[in-house]
Amino acid sequence: MKEERDPGKKQPLVFDGVRDVYANNVHQELELMSALRKSFNFVIIDTEFPGFLRSTPRGASEEEIYSALKYNVDNMKLVQLGITLSNGKISLAWQFNLKDFDHEADNRSEDSIELLKRSGIDFDKNRKYGISADVLSIGLTEKLIAGCEGLKWITFHGLYDLAYLIKLVYKMPLPETLAGFLGLVRILFGPMVYDVKYMAKRCSAYFAEVGLVKLSKMLGINWRGKPHQAGHDSLLTAKVFWEMMNKFDGFKEDEHAGILYGFEENARKELENHRKLVKSHMSSL
């Protein structure tokens, strides 16, 4: 019987699509990412997770949406983290496969598990060869997040992406309140956090309710990646971001920094409170 090959071994330091990361190459890939982040200051993230335990009805308040988000993220585990580094001309993507989630024992939505399986995620391989959340937490903190002033973080409908990354880094339940969550987003990622879905909605009503893949097709992007795999979706988000940046005058970074799709009202309040604090601090100097 032929022995299964460890998927993380001896991956050459060249880019051809999305780089899959497992336990045996995680440190090599994080070192590479650390070396590149000085030249690639846009960080595009996506996550895959095992569905939802609690949903929110259409028309739910932002506080109700956050309550469900907190419950789901606190009680479920991350499957994949996708990170793309970009400078506007070149985009380089990684797909971190985590080992902690057990698709037979841990909290999950069976429909979501089947979707992820059909999309090509191999849960058994991840359990055998994947990265522990603790190892990835330390590595990302040291090699990407620490000293990240100047990095711009980009998501697409990114509430859960940001929440799972916060949980991964801080290793604790999410804050009790939406205001606390938005404050933590600012602390961890800084002021330059962008949600492409919100920005697209501001550019055209036609983009308001469409998903990432459909939006990319509407923009004429030729993409052959794998939807519902985190590295591939983060790379597609980067392509959509730059395509819209080039095509639409209303797609401006400065006007949309810190506003998250689904939390618009409270995000604006957090931004205004932060500006007041900064102004008060500056006047006291």
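## Terms and overall form

Helices, of at least four residues, and strands, of at least two, are DSSP runs numbered from the N terminus. The model described here is predicted. By that assignment, the protein chain contains 12 helices and 6 strands. Its radius of gyration is 19 Å, close to the 19 Å that the globule rule gives for 285 residues, so the chain is as compact as a globular protein of that length.

Along the principal axes, the C-alpha atoms of the protein chain fill a box of roughly 70 × 45 × 40 Å. Of the 285 residues, 52% are buried. Among contacts between residues at least 6 apart in sequence, 73% join residues at least 24 apart.

## An exposed loop residue

Asp-249 belongs to the loop between helix H10 (230–247) and helix H11 (253–256). Is this residue buried or exposed? Residues over 50% relative accessible area count as exposed, and Asp-249 is therefore placed in that class by its relative accessibility of 68%.

The position of Asp-249 can also be described relative to Cys-203. The two residues are 46 residues apart along the chain, and their C-alpha atoms are separated by 8.2 Å.

## Helix H2

Helix H2 covers residues 62–75. With 14 residues at 1.5 Å a residue, H2 should span 20 Å, and because its end C-alpha atoms are 20 Å apart, the model agrees with this expectation.

Several residues of H2 are buried: Glu-62, Tyr-66, Ala-68, Leu-69, Lys-70, Asn-72 and Val-73. H2 also takes part in the lining of the largest pocket, to which it gives the most, with 4 residues.

## The largest pocket

Rolling a probe the size of a water molecule over the atoms shows where empty space is left. The largest pocket has a volume of about 1,200 Å³. It is lined by 39 residues, and those closest to its centre are Phe-49, Phe-52, His-157, Tyr-160 and Lys-197.

Which elements give two or more residues to this lining? They are strand E2 (42–48), H2, helix H3 (110–118), helix H6 (159–170) and helix H9 (212–218). By class, the lining residues of the largest pocket divide into 16 nonpolar, 13 polar and 10 charged.

## The second largest pocket

The second largest pocket has a volume of about 230 Å³. Its lining consists of Met-76, Lys-77, Leu-78, Leu-98, Asp-100, Ala-133, Asp-134, Ser-137, Tyr-164, Lys-167, Leu-168 and Lys-171.

Helix H5 (133–145) and H6 each supply at least two residues of this lining. H6 also gives two or more residues to the lining of the largest pocket. In the second largest pocket, the lining has 6 nonpolar residues, 1 polar residue and 5 charged residues.

## The enclosed cavity

How many cavities of 30 Å³ or more does a search of the whole structure find? The search finds 1 such cavity. About 90 Å³ of space lies in the largest cavity.

The residues that line the largest cavity are Leu-182, Val-185, Arg-186, Gly-190, Pro-191, Val-193, Gly-258, Leu-260, Ala-267, Glu-270 and Leu-271. Helix H7 (178–189) and helix H12 (264–284) are the elements that give two or more residues to this lining. In the lining of the largest cavity, 7 residues are nonpolar, 2 are polar and 2 are charged.

Notes. Residues numbered from 1 in each chain as written. Predicted model: local features only at pLDDT ≥ 70, side-chain atom pairs only at ≥ 80, totals over all residues. Heavy atoms only, no water. Expected span 1.5 Å × (residues − 1). Buried < 20%, exposed > 50% of the residue type's maximum accessible area, 1.4 Å probe, protein only. 1 Å grid on protein atoms, 1.4 Å probe; cavity = no way out; pocket = protein on both sides within 12 Å on 5 of 7 lines; lining within 4 Å. Points joined across faces, edges and corners; volume = space filled by probe spheres on them. Nonpolar A, V, L, I, M, F, W, Y, C, P; charged D, E, K, R; others polar. Rg over C-alpha atoms; globule rule 2.2 N^0.38 Å. Contact = heavy atoms within 4.5 Å.
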